[in-house]
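Welcome, and please get your viewer ready.

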Amino acid sequence: MRRALALVAVLALALTTFVAVGLALGGDSGDSPRVLPTPSPTTPPPASVTEAPEPALEDYYSQRIDWQPCEGNDDQDCGTLTVPIDYADPRGETIDLALLRVPASGARVGSMVVNPGGPGAPGTSYAAAGGLVFRKPLLQAFDVVGFDPRGTGRSAPIDCLSDEEMDAYIAADPTPDTPDEVADYEDTVLGFGAACKASSGPLLGHVTTIETARDMDVLRSALGEEALTYLGASYGTKLGATYAELFPERVGRFVLDGAVDVSLDLETMSLDQAAGFETALRAYVQNCLDSTDNCFLGDSVDEGLAKISGLLESIEDEPLPAGDRELQVGNAFYGIVAPLYNRDYWFLLSTALASALDGKGSALMELSDLYASRGSDGSYDNNSMEAIYAINCLDDPSSIGFDQVPSQFAAFEEASPTFGKVFAWSLTGCRGIEVRSSEEPLEIRGEGAAPILVLGTSRDPATPMKWAEALAAQLESGVLVERDGDGHTAYNSGNECIDAAVEDYLVEGTVPDDGTTC
C-alpha cells in the first residue's frame, strides 16, 4: 500500500538507538575515472570475489571497507561504501551508503547482510538491534552487516516534507468523504511528489530496488565474500529476489522472510493486504474474547470490529486529546495497525483502544508515532515515510485517478470491512510522482541460484501467506517454509521449528524440505 501500509518494519527497531555515520553526495560528473577513497589496508580478497560485472565498475568492486568503532559503541563497527548514483553512468556522481557491522561473537562463518524491509527502513539500525532481532546461533556465526539502502536513513536520504508537514500528512484523513475532503486529499498526494522532487536532487530517480540490489553486490565484494549470505524481511524479500535475478551465481544462503509476491499488480497487492489486515484484526479481537472473561470490545468478533470502526468514525468527526496534540483519524489508523505486526504487541493495542474509547488519545498517538519513527521531541528518527513513497513509485508508478476510487469500494470493503476504503484510496498514491525509473522491470526467476528459503506466516497482516507460496514458486530454487501463527514475519517469533530451519540453513547449509510447515 503506497500511503498507508507498505512500511513494513520490525517495531522493536523503533526502541533502539539509531547508530550510523554521516555522509553526503559527492563526485564528479566529468569523463575522468572516479577515484574512490582508499580505506585502511586489509587482506585483499581473491580476484574472483572482486570481479566487476563490467569494466566501468572495477573501482567500485575493488573497495575495501574502513571499519571503525561506531561512536558510543565499541562493540559495533561503522563504515561507508561508495556507489554510483546511476549505474549507467558509473563515472558520474556518487553517494556513500552507511554501513554497520556487529562482529560474530563465536566461531565465524562469514558476513550476513540483512534488510528489515519498508522499503525505507534503515538497515544499520536493524543490524544494531541484532540482539532483539536475531538469535544466538546467527549472532555467533556471522558478522551481521546492515546498510541503509540508497535514499534512506543516512545514505543520502530522500527528503520531502518538514517535520511539521509530515505530522499533518500522517494525521490526514485516509478516507475522504466530502468534496472538500477529496480536494484536500488530492492536494496532499500531488504535493508530496512535487516536494520530493524539489528537495531530493538527482538521486530521486535512482532509488529503485534494482539499483539497491546492484549496491548489494558491490557490498558483497567489499566484504570479501564469494557469495552473498542474506536475510531479508518483508520488502527485503523483494530486494533479495531481485538480487537473485541479477546475480544468481553470487547467491549464497538466502532467507526471505515475510515474502512479497513480486508478480502482483497494484490493485491485487492492495486487495491482498487489505484482507491480511482484516484477518489480523479479527484474530486480535478473537484473542480478546478467548483470553478475558469480559472483553472490552464486546461479545463477538463482529461486535468488536464494529466498535473499532465506530471509534475511527467518531475520531474523524471529533479528534481526541493526546497531550498537547490531537489524535486525528490518520493517527488513529496507524496506531491500530502498528501492533498487528507482532502478536506480542496486542496488549498495547488493547490498552490504546480502551483508552481511546474512554476519550483519551495519547496511547494510540504513541503507537502512531512508533510506526512513523517520530520522536517525542517532534523530530523523525529517519526518513522511512518519505523513502517508501519514492522507492515504491519508481518501482511501479501505477495509480488510478481520484475519481475512479469509489468504483473500487465494493471489492475493497468485501476484502476488509474495517480498512477497505483506506486501501482503495491508496491506489492513487503515485499520482504525484514526477520522475521515472531508468530501470526496466524484471521477470524474477533467479535461474541458477542456490536454494533460497522463502518464509510465510499463515495470518501475516502485511505479506499474506499466499505471497510466500507465489514467490517460492516463481524462484527456480525457492524452498517454501510456513509458520502457522500471527504477526508479520516468521523467524524469531517463538516458533522453534522455524528458527531451527533458518539457523540450520544459514549456519550449516542444511536445506529444509520444500513445503515444510511449522
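Which residues of helix 6 are buried? Select Met166, Tyr169, Ile170 and Ala171: these are the buried residues of helix 6. Buried here means under 20% relative accessible area, exposed means over 50%, and partly exposed lies in between (1.4 Å probe, protein chains only). Helices (H or I, at least four residues) and strands (E, at least two) are DSSP runs, numbered from the N terminus.

Before going further, a word on the model. It is a predicted one, in which local features need pLDDT of at least 70 and side-chain atom pairs count only at pLDDT 80 or more, while totals for chains, interfaces and linings use all residues. Residues are numbered from 1 along each chain as its sequence is written, and side-chain values use heavy atoms, with hydrogens and water left out.

Keep the helix 6 selection and show its surroundings. The buried residues of helix 6 pack against helix 7, helix 12 (329–337), helix 14 (362–372) and helix 15 (384–395); contact means heavy atoms within 4.5 Å.

Next, turn to the cysteines. The structure holds 5 disulfides, a disulfide being a pair of cysteine sulfur atoms within 2.5 Å. Number the bonded cysteines of the chain in sequence order, and the pairing reads 1-2, 3-4, 5-6, 7-8, 9-10.

Select cysteine 160 and cysteine 196, whose sulfur atoms sit 1.8 Å apart in a disulfide. The torsion about their S-S bond is about 105°, so this disulfide is right-handed. The pair links distant parts of the chain, 36 residues apart: cysteine 160 lies in the loop between strand 5 (142–147) and helix 6 (163–171), and cysteine 196 in helix 7 (residues 179–200). Both cysteine 160 and cysteine 196 are buried.

Now go to cysteine 70 and cysteine 78, joined by a disulfide with an S to S distance of 2.1 Å. This link is right-handed, with 105° about the S-S bond. Cysteine 70 is buried at 2% relative accessible area, and cysteine 78 is buried as well, at 5%.

For the last stop, select cysteine 497 and cysteine 518. Is their link left-handed or right-handed? With -50° about the S-S bond, the link is left-handed; the S to S distance is 1.9 Å. Cysteine 497 belongs to helix 19 (residues 496–508), while cysteine 518 is in the segment after strand 12 (516–517), 21 residues apart. Colour the two by accessibility: cysteine 497 is partly exposed, with a relative accessible area of 36%, whereas cysteine 518 is buried, at 16%.
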